[in-house]
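Trainee: Please take a close look at the site of the ligand and at the cavities and pockets of this structure.

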Amino acid sequence: MRPFCTLTGRMQCAPTVNMTDIPFSPADVAPCLLAWYGQSGRDLPWRNTRDPYRIWLSEIMLQQTTVTAVIDYYHRFLAKIPTVEHLAAASLEDVIDLWAGLGYYSRARNLHAAAKLIVEQFNGHFPEDVETLQQLPGVGRSTAGAISALAFDRRAPILDGNVRRVLCRLFALQKPPRSTAAEKQLWYWSEQLTPSESVHDYTQAIMDLGAMVCIPLKPLCHECPLSELCQARKLGLERQLPLKHVAKPIPTRHEVVLLIDHHGRYLVRRRLVEGFLGGMWEFPTISIPEGEAPESKLHLLCSDFGLNGAVEQIGHSQHVYSHFRLKSAIYCKKIANLSRLAEGDNHWFPLAELKNIALHGAHKKVLVELQKSGV
Ligand code: SF4
């Protein structure tokens, strides 16, 4: 007896497929995609260039971020930092400030480090092959493939989020798509489908299909150039696939945040460039050991800044990083005189400007609480 499908509860759930089980030829995919792309592909600012610097920048910005959010940042970044040489010569702080609001700041740090490497080790010339590109900080296999295909028209498969979704559906992959077995299978399929010619257009086409047609919740299968080939559509699984990723539990950390308010201007400091969230701005903060009350550390934080007297609690916030959750207990202290707080690493920004600086994610949420509190 055939097993029940875990998705539909119906029998006849397709077993995991290998290329030999697929009732279409991989060679059929590229022509369908290229014809569709010719009619419907997106016109994006980084599409009309073969400059690897611009392509690399767009690929890094587009990781975890939508096209709409990226376009302005892309233009602003290039206006200030037009070449890889300019990027290598810029300070990390300037790069982080240009990135402010785009999130996932490790991308900016890696971009900066990679530019230095390209200038120092490759004389300012981007490597063309995937293996060498992958040696650059922040460049994984898929980004390397995209740069190699888009800038140099080399046959290089990619597997970004959009392509991953298309392939999971096209081949009806019924494994968690981040599992090692699935990863191997998806790369194999991506490689099989990548043509030897028109690689540049094919790569854009499959990215566009994932972004415009094979979209996450309700794929537009009636508009899809691959609908005749698609195994998920045949099985009625297009909305269930890819299978959901089950996140691992992460630990919780606690901190006290002190908002020091000098006539509507707030004290922030840069984090050390080396290390987690390096170069980003934050409010004064101190960690609280598990199980301890915030007040146990609040007075230490106040005394670091030479502050005495009443401190007002204004709320709590919470932010989830990839490997831990951070809970912040937020306090505010109004001061009349700056005295020694005017010196050193202390910077003061009015409330309205704080949203424009590269505060790290947890302290962006602190800022929201501050705005809500009206103190
Ligand atoms: S037919 Fe539907 S599910 Fe299949 S690839 Fe096209 S849009 Fe995605």
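Mentor: The account below begins with the ligand and then turns to the other spaces.

This is a predicted model, in which local features need pLDDT of at least 70 and side-chain atom pairs count only at pLDDT 80 or more, while totals for chains, interfaces and linings use all residues. Residues are numbered from 1 along each chain as its sequence is written, and side-chain values use heavy atoms, with hydrogens and water left out.

Around the ligand lie Arg169, Val213, Cys214, Pro219, Cys221, Cys224, Ser227, Cys230, Arg233 and Glu238 (near means that a heavy atom of the residue lies within 4 Å of the molecule). This shell comprises 6 nonpolar, 1 polar and 3 charged residues (Ala, Val, Leu, Ile, Met, Phe, Trp, Tyr, Cys and Pro count as nonpolar, Asp, Glu, Lys and Arg as charged, and the others, Gly among them, as polar).

The ligand takes up the space of the largest cavity (a molecule sits in a cavity or pocket if more than half of its atoms lie within 2 Å of its grid points). On a 1 Å grid over the protein atoms alone, a cavity is a set of points where a 1.4 Å probe fits but cannot get out, and a pocket is an open set with protein on both sides within 12 Å along at least five of seven lines; lining residues have an atom within 4 Å of a point. The largest cavity has a volume of about 110 Å³ (the space filled by probe spheres set on the points, which are joined across faces, edges and corners). Of its 15 lining residues, Arg169, Cys214, Cys221, Cys224 and Cys230 are closest to the centre. Two or more lining residues come from each of α9 and α11 (helices, H or I, of at least four residues and strands, E, of at least two are DSSP runs numbered from the N terminus), and α9 gives the largest share, 3 residues. By class, this lining has 11 nonpolar, 1 polar and 3 charged residues.

The second largest cavity, of about 40 Å³, takes the largest share of its lining, 3 residues, from α11. Its lining has 6 nonpolar, 3 polar and no charged residues.

Among the open spaces, the largest pocket has a volume of about 1,600 Å³. It is lined by 50 residues, with Gln64, Asp160, Gly161, Asn162 and Arg178 nearest its centre. Helices that each supply at least two lining residues include α9 (161–170) and α11 (199–213).
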